Amino acid sequence: MDNLPSERIKALELQLPPAPPPAGLYKPVLVVDNFLYVSGQGPMQMDGSLMTGRVGDDLNLGQGKLAAEQVGLTMLSTIITHFGSVDKIKRVVKVLGMVNSTPEFKQHPLVINGFSELMADVFGNDKGVGVRSAVGMMLPGNIPVEIEAMFEIHQ
């Protein structure tokens, strides 16, 4: 897989939703040295609305994983909109995945795999996978998943 991430997005026929506007006082992306930090993203749909639901309640594991994949698509859109190009990304460094789930739900890492698998598809199996945490909590607006990430960029 030597082709550029933007070419992989096209080849995979991924549909990127609109980049969400900030929901508070923060920057959507920030570059410090050779790192791109992306603020927490929710699962934006093509019509600009956010997916909602709680995993273990009105969403099952598979639906949660699809929501995490949608967060990945949203993050790619945010990077393109606010940073310029996914082709400037060298690798995924760190991912924090937060799952809106019931206290009984125990499979948070499997939900966040929806995001991680998408990043591996776009950036390659080595460079698309970094360190990661996956936790359960209550999320704003009853969104099922929120993810923030850090990427190394080409200088």
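Contact here means heavy atoms within 4.5 Å.

## What we're looking at

This is a predicted model, where local features need pLDDT of at least 70 and side-chain atom pairs count only at pLDDT 80 or more, while totals for chains, interfaces and linings use all residues. Residues are numbered from 1 along each chain as its sequence is written, and side-chain values use heavy atoms, with hydrogens and water left out.

## Fold and overall shape

The chain has three helices and five strands (DSSP runs numbered from the N terminus: H or I of at least four residues for helices, E of at least two for strands). Following the sequence, you get α-β-β-α-β-α-β-β. The chain's radius of gyration is 15 Å, close to the 15 Å the globule rule gives for 155 residues, so it is as compact as a globular protein of that length. That radius is taken over C-alpha atoms, and the rule is 2.2 Å times the number of residues to the power 0.38.

Along the principal axes, the C-alpha atoms fill a box of roughly 45 × 35 × 30 Å. Take the contacts between residues at least 6 apart in sequence: 83% of them join residues at least 24 apart.

Buried residues (under 20% relative accessible area, 1.4 Å probe, protein chains only) make up 43% of the 155 in the chain. In soluble globular proteins, nonpolar side chains tend to be buried together. Here the largest nonpolar core has 32 residues, and Leu36, Ile79, Phe115, Phe123, Ile147 and Phe151 touch the most other members. Such a core is a set of buried Ala, Val, Leu, Ile, Met, Phe, Trp, Tyr and Cys residues joined through side-chain atoms within 4.5 Å.

Strand 2 (35–41), helix 2 (61–82), strand 3 (89–100), helix 3 and strand 5 each give two or more residues to this core. As for Leu36, leaving aside residues up to four places away in sequence, its contacts include Ile79, Phe83, Ile89 and Phe151.

## Rings

There's one aromatic pair in the structure. The ring centres of Phe123 and Phe151 sit 6.2 Å apart with planes at 50°, so the pair is tilted (centres within 6.5 Å for Phe, Tyr and the six-membered ring of Trp; planes under 30 degrees apart are stacked, over 60 edge-to-face, the rest tilted). Phe123 belongs to helix 3 (residues 108–123) and Phe151 to strand 5 (residues 145–153), so to speak distant parts of the chain, 28 residues apart. Phe123 is buried at 6% relative accessible area, and Phe151 is buried at 0%.

Notes. Buried < 20%, exposed > 50% of the residue type's maximum accessible area, 1.4 Å probe, protein only.
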